[in-house]
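Hello,

Here is the structure I promised to pass on. Please open it beside this email; my notes follow.

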Amino acid sequence: MRNEQKSTYRVAVYPGSFDPVTMGHMDIITRAAKQFDLLIVAVLNNLSKNPLFTLEERKDLLRKVTSHLPNVEVDGFRDLLANYVRQKNAQVIVRGIRSVTDFEYELTMASTNHKLNPDAETIFMMTNPKYSYLSSSLVKEIAHFNGDTTDLVSPEVDAALRKKFNAGQ
């Protein structure tokens with residue numbers, strides 16, 4: 001039985017808008033990639049949000065910042081997460097938790113996803129405490145006012161933020 005378990009190919013999906021991908025996201029991606037054979041970072045095209053970066057730009061940035069992780073794949077989706085996870089033959093949904101408020105929201109989402117796809121489990125990963133305050137919205141606001149985001153995002157994302165906000169001036 002033990003050899004049978006070892007041969008199981010474990011696929012996880014880490015969904016989000018990643019607008020933009022932050023060091024907090026990268027912390028979760030890096031740690032989750034160590035736990036699974038394949039981690040699919042799935043960029044949500046949320047129709048109710050007005051993102052700064054297009055879906056393709058977000059996917060391109062994620063590919064750049066995860067290129068050192070050979071078992072990470074970047075993809076986009078417009079479906080229910082439960083359906084997407086099923087289509088990808090994934091067993092796990094990874095979610096990052098920064099606070100109790102995040103947990104309450106994520107618990108509701110995990111329960112809903114389990115109802116829609118009972119074969120997928122959601123696991124919660126606590127963020128590194130040094131990123132517990134960090135959000136994409138905060139990063140965008142800081143960048144909008146020409147603040148320093150170098151400790152909050154990768155150099156590639158910092159450059160993309162500067163380009164976006166300098167183009168608008």
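How many aromatic pairs does a search of the whole structure find? The search finds 3. Rings of Phe, Tyr and Trp (its six-membered ring) pair if their centres lie within 6.5 Å; planes under 30 degrees apart count as stacked, over 60 as edge-to-face and the rest as tilted.

First, some ground rules. This is a predicted model: local features need pLDDT of at least 70, side-chain atom pairs need 80 or more, and totals for chains, interfaces and linings use all residues. Numbering runs from 1 along each chain as its sequence is written, and side-chain values use heavy atoms, without hydrogens or water.

Back to the rings. Phe77 and Tyr84 are stacked, 4.7 Å centre to centre with 25 degrees between the planes. Both are buried (under 20% relative accessible area; exposed is over 50%, partly exposed in between; 1.4 Å probe, protein chains only). Phe103 and Phe124 are edge-to-face, at 5.5 Å and 75 degrees. That pair links helix α5 to strand β5, 21 residues apart (DSSP runs numbered from the N terminus: helices are H or I, at least four residues; strands are E, at least two). Phe103 is partly exposed at 36%. Phe124 is too, at 29%.

Now α5 itself. Asp102, Glu106, Ala110 and Asn113 are buried there.

Best wishes
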